[in-house]
Amino acid sequence: DVCSSDLDIILWGTHELLAEVGDVKAGLWRDGDAAATSLVGKTMLDKARVLTKNGLVCSIKTRQELLMEQRAASVIHWMSVLSRSCDPLCNRVSVAISGHRHLVPLLHSDLKLPRQITSAWHSLLLTLLAVPSFKADLANAYCDTYRSVTAEYARGIGVLDQSSYSLSVQFLNRVTYVQDLVRERDLLGNLSRSLLETLSVAVKTLTDGAQPAFSSMRSLTFLSPYSTHQPISNGMDHAGGSNSSCMFYVSSPASRPQTDISMVPTLDPLHPVLTHRRYSPCISDLKCVLNVPGMARLFASLPPPSAVGRTSCLDDWIQSLSLGQNMDGQVWRSWGEGHVETEPRGWVGAFNASISLGSLFERLLSWEDEDKSPICYPDGLTPKLLSSVGLAYHVLSKGLSSWQKSEMMSYHSTCGTASSPPHKRCPASLPFPTTAARHGASRAMKALPIEQARPWSFHLPLHRFVAACLREVARRPKGSVGGGMDELLERLTSMEGDGRWAVGSVHEIFRGIMEFPVVVLSRAAQIRAGLWKRNGPGMQDQVLNYAEPPFCRALRDADLTLLQFAMLGFCSLSKVEVESNNISGIDKDDLKCSFVGKGEVGFVHLINLLLHRFGIFDFAGFAKAPNADPANYFDEVKSGLYPGENDPDNESPVDTIELSPQSPVLPWTYTPAKDATALLSLLEELLHLLIILITELPSPPPKNRADHTKQAKQRIRREVIHRLASGPKAHSELTEVHHVLPQRDNAVLSEEGKLIYPDDASGAALEEALDQVAERKSSRGRLAPDQWELRRWAWSEYDPAFFHTSLRSHQSAAENRPKTNHTSSGGSSSSPSRLKPQAYAPRPAPAHPSFQRIRRDLTSDATVLALVYRTLHVHCRKISTNGTSNRNMSDLRGKLAYEPEGMSETALARAVHLLSLGAYAWGDTEKNNHFPPESWRSCGGGGVGSVFHHLPNNGSAAPSARDWIQMALLSNPRDVMDCDW
């Protein structure tokens with residue numbers, strides 16, 4: 001019989017085979033004829049090849065083998081019945097089954113056993129697990145065979161429910177067994193290495209003739225521009241393990257082919273490993289082990305100095321996340337292309353993999369810096385435990401930095417000529433608006449040359465693990481045992497060691513942390529604006545998974561954290577002395593290539609990057625600084641501040657040809673939108689993103705457990721209020737708020753819940769929040785559940801731009817919100833049920849001290865204020881009775897915004913929201929202004945691009961709320977927009 005061993009389904013039995021060869025040949029075969037026997041055998045092999053070619057693992061079984069299978073299953077079943085009869089016999093059977101002699105071979109072949117043998121064998125194992133010594137032997141054998149069994153499972157052999165993986169929970173959640181396995185058999189190393197090897201099976205093969213800078217596609221590659229072509233063994237060859245080695249290669253730029261195709265390995269979302277989630281046993285076992293106290297602390301460690309050449313679990317984990325970077329790339333279908341005929345389904349496997357990997361992040365980080373190793377090692381073999389700061393630094397400098405350098409090598413600028421369509425062109429640098437250039441910024445900035453048609457991905461698991469590490473660092477107060485956020489920034493920007501490497505690489509780290517998440521955020525905004533409809537409705541489903549609960553915390557929210565950290569990183573770099581006479585061996589021109597402008601440039605960089613990536617630079621009415629001042633632009637290009645554009649005649653960079661102010665080679669901007677409606681949607685998305693970046697900052701480090709509990713209650717209360725704002729909800733609909741809370745919050749709330757309501761500890765905090773902010777309404781229907789409705793006073797805490805609430809829910813909340821209490825000039829107030837007038841948006845929650853400055857920096861940025869003013873002017877200007885403006889708009893920049901389709905209540909509301917946040921930020925600073933005049937810039941609001949950038953550094957008083965109001969609301973519109981219209 002030719003059958004598939006995965007499901008044990010007989011596809012071709014004896015009758016089918018004989019019917020195919022014919023009655024005559026069948027008779028000869030029964031008589032033992034050699035030729036007929038060869039023909040039947042050939043037919044069987046041909047059928048097996050067909051199944052194997054289509055991804056099935058096949059076996060050919062004889063009648064004798066089938067009889068032996070039945071006999072073996074009967075014997076095992078008899079032993080199981082015997083073991084269940086009494087304890088002495090159970091002990092006797094467990095002793096008779098030796099670990100090395102029986103358990104290891106049986107576990108090695110577990111995935112290939114027929115179903116009837118597997119069922120009887122697992123039933124016997126479950127009975128014998130009651131014997132402690134047998135459980136220990138089985139745990140040892142499970143660990144010894146784990147990598148080889150997992151390698152077979154990754155290749156499609158076996159079914160999860162009928163495998164030994166289903167037994168691992170019996171011992172992997174026991175502290176004693178896990179500690180013994182980790183100490184004696186390197187359980188953590190086996191799990192992390194097996195996950196890496198499983199994912200490496202699904203690595204995507206390069207196509208279209210592109211050849212990697214390494215010899216074999218069977219080896220994983222990780223390219224670093226600062227090393228020579230040299231294989232680095234990952235230490236995966238082991239006795240009894242997989243034969244396929246997993247090596248990471250590095251190559252020099254000279255050996256790197258000039259191609260726009262990324263040469264960094266990534267996963268194929270259509271590979272069976274991802275579509276059938278063949279990595280799930282490794283994820284499940286890691287979760288079990290990491291739930292054991294102390295294992296997560298040990299996972300975040302490095303090998304001892306004596307273990308030369310040995311890789312750590314952490315490094316294997318970083319490499320696994322690196323493989324998930326940019327999987328399932330999306331390519332925009334331009335306006336000239338039709339709607340996709342067959343919608344791709346690879347995104348399902350990609351999101352499942354990304355979410356599964358992300359589910360381990362907080363488990364891996366569930367430890368404190370003071371925690372000791374749970375296992376005592378001999379002298380010289382104790383691993384080096386990392387602090388939270390040390391872990392973040394290691395992942396940033398050793399993992400993310402290398403991936404970003406390798407990925408950036410595939411980005412190349414193009415000419416801005418009509419020889420290629422606009423969506424396939426990209427400039428070498430992005431022009432700053434004149435509003436930023438007038439406040440200290442350069443004429444342009446270095447940025448990744450990304451055309452609209454370049455593939456991009458929702459999935460950046462390595463970046464998001466960095467975000468999870470940063471969240472943990474933010475929990476540590478300054479000066480704690482392992483240090484906090486300030487210590488991490490200081491360590492990243494320190495000039496110890498080779499100064500040339502430190503300055504350039506750290507700048508590139510922060511630039512990549514800013515650039516790659518912005519691409520995802522801007523493309524998601526384009527999808528919501530309707531610019532990706534030709535790619536199919538699946539794009540909307542992906543955006544929902546990315547940006548809305550329950551998965552948004554591990555995806556979109558992590559990208560926001562990275563942007564906030566990148567802004568702080570650039571500010572920290574500006575504090576490093578970069579004068580060439582203070583750094584020996586560093587050329588001044590090289591330093592200019594690393595830093596753009598002078599002072600704190602992170603915020604002006606981000607704002608300009610967002611304007612271009614969202615495609616609203618022209619729509620917002622900004623003028624390009626290189627066009628307004630080409631002489632200074634070319635001077636900055638010659639000095640190496642940023643690259644010049646390619647010459648349209650000879651395709652050479654502009655900094656290699658003769659430059660003059662009359663040269664037409666200037667950077668440009670691009671938008672995929674063609675009408676005011678789409679551009680308005682992109683503007684709304686950008687304003688919303690700015691609001692979130694200002695509002696949703698990391699919380700201050702908790703002082704103690706009670707303080708942490710208080711913060712957790714405030715966060716769950718905020719989630720409940722915004723869930724109920726869109727309408728009454730049943731209790732079951734509100735339990736999902738726990739999915740967007742940190743795991744530490746859920747744990748601390750559950751601990752307190754045990755004291756209040758032991759039967760439902762996890763739901764006690766939700767009940768407390770509901771009692772505070774909602775009223776229970778009895779249902780009229782007999783079977784309908786009761787619903788909770790938001791109390792009127794709780795609407796004062798409603799944020800109309802809350803990032804865990806969808807736009808549709810916010811629209812419902814606007815309709816449900818109680819009306820404001822208006823009072824006429826000569827009468828009393830209207831209905832007493834109405835609310836008193838209040839601010840448009842509530843005051844943001846307290847922020848982490850290191851991130852607090854972001855609120856001042858963003859709300860004082862000249863470009864942001866110009867964007868807000870432009871939005872207000874479009875919506876609030878005086879127009880004639882026929883609905884048109886009285887002024888001539890022929891020479892107005894971005895006049896498309898003044899069309900009726902360019903206006904919406906949402907855009908106007910978000911502009912008002914930003915002004916409200918600015919008032920809070922500068923008003924709070926004035927109340928708590930304890931810093932001396934010479935250091936006010938360190939608290940934000942005076943960097944490059946700020947309206948207060950012109951103030952002197954020393955001796956000047958810090959800008960006040962009155963100054964901010966003057967610059968934001970009372971300045972001359974010509975100065976705000978740098979426009980004479």
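**Exercise 1. Classify the residues lining the largest cavity.**

Step 1. The lining divides into nine nonpolar, six polar and four charged residues. Ala, Val, Leu, Ile, Met, Phe, Trp, Tyr, Cys and Pro count as nonpolar, Asp, Glu, Lys and Arg as charged, the others, Gly among them, as polar.

Step 2. The model is predicted: local features need pLDDT of at least 70 and side-chain atom pairs 80 or more, while totals for chains, interfaces and linings use all residues. Numbering starts from 1 along each chain as its sequence is written, and side-chain values use heavy atoms, without hydrogens and water.

Step 3. The volume is about 200 Å³. A cavity is a set of points on a 1 Å grid over the protein atoms alone where a 1.4 Å probe fits but cannot get out; lining residues have an atom within 4 Å of a point. Volume is the space filled by probe spheres set on the points, which are joined across faces, edges and corners.

Step 4. Of the 19 lining residues, Ile 450, Gln 452, His 612, Arg 613 and Tyr 670 are closest to the centre. Helices H22 (499-528) and H26 (602-614) each give two or more. Helices (H or I, at least four residues) are DSSP runs, numbered from the N terminus.

**Exercise 2. Which helix gives the most to the lining of the second largest cavity?**

Step 1. This cavity has a volume of about 70 Å³.

Step 2. Helix H29 (676-695) and helix H36 (862-876) each supply at least two lining residues.

Step 3. H36 gives the most, with five.

Step 4. By class, the lining has seven nonpolar, three polar and one charged residue.

Notes: 1 Å grid on protein atoms, 1.4 Å probe; cavity = no way out; pocket = protein on both sides within 12 Å on 5 of 7 lines; lining within 4 Å.
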